[in-house]
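Hi,

Here is the structure I said I would pass on. Have a look at it first, and then read my notes below.

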Amino acid sequence: MSTQPNTTVMDALTTSARHRAKGKSNAERLFPLVLLAVFVVVDLLALVAGTHAYQSLTSMQNKSDAYITTVGPLISSVRAHDANGAVRKMSGPEGEALVLVDGDETGTYENRIYLYKGHIVQEYALSGSSYEPEKATVLSESSTFAFEYTNGLLTLHTDAGTTKVALRNMQGGE
């Protein structure tokens, strides 16, 4: 007796499911698959766009780091020796030398910045002494070094680009 009602319920459910399946059109059956495909394509496009954006940011960061590594020590050295009449252009071992003059009661010293064997080097020496690039401190790697000084603005040219440094001594600083 108890098996008949269960069988009747099962027959009703399977019949209902068959009617529902027969009533669906092909478009209704494909819609979930098309929707899933659209989500997959959108996700892939977002992944590609994110990868491209990350690559661009990393490239910009690397260029910025290279620039700061090359120019940062130059700017720091120039700012540390910023004084009235301190900036001079002299002839170095491989072209121009930026000479920043320091004077005190013990004598006059020169902080010389110049190009030597593919590096920008800094040498601190007694004024008038000969250049000793082997003893100089390497500031950065560069195959070019040039500069201009006009009206308190020092323009430095290196492989990393051009940098302008406003010297404080022209604004009344010491």
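Which residue lies over the face of Phe147? That is Lys89, at 5.4 Å from the ring centre. Bear in mind that this is a predicted model.

Now the sheet. The model has an open sheet of 5 strands in the order β1-β2-β3-β4-β5, and the pairing is antiparallel. At the edges are β1 (87-92) and β5 (137-141), each of which pairs on one side only. From one strand to the next, the twist averages 25°. Helix α2 (residues 26-80) packs on this sheet and touches β2 (95-104), β3, β4 and β5; the helix direction makes about 135° with that of β5.

Strands β3 (residues 107-116) and β4 (residues 119-126) run antiparallel and are joined by 8 bridges. Glu110, for instance, has Ala125 in β4 as its bridge partner.

On to the rings: the count comes to 3 aromatic pairs. One of them is Tyr109 with Tyr124, stacked at 5.8 Å centre to centre with 10° between the planes. Tyr109 is in strand β3 and Tyr124 in strand β4, 15 residues apart. Tyr109 counts as partly exposed because its relative accessibility is 25%.

Another pair is Tyr114 and Tyr131, with ring centres 5.1 Å apart and planes at 85°, so it is edge-to-face. Here strand β3 supplies Tyr114, while Tyr131 is in the loop between β4 and β5, 17 residues apart. Tyr114 is buried at 0% relative accessibility, whereas Tyr131 is partly exposed at 22%. The charged end of Arg112 also sits over the ring of Tyr131, 4.5 Å from its centre.

Cheers

Key:
Residues numbered from 1 in each chain as written. Predicted model: local features only at pLDDT ≥ 70, side-chain atom pairs only at ≥ 80, totals over all residues. Heavy atoms only, no water. Pairing = 2+ DSSP bridges. Helix = DSSP H or I, 4+ residues; strand = E, 2+ residues; numbered from the N terminus. Axes fitted to C-alpha atoms, helices over the stretch in contact; angles between N-to-C directions. Contact = heavy atoms within 4.5 Å. Phe/Tyr/Trp six-rings, centres within 6.5 Å; stacked < 30°, edge-to-face > 60°. Buried < 20%, exposed > 50% of the residue type's maximum accessible area, 1.4 Å probe, protein only. Lys NZ or Arg CZ within 6 Å of the ring centre and 35° of its normal.
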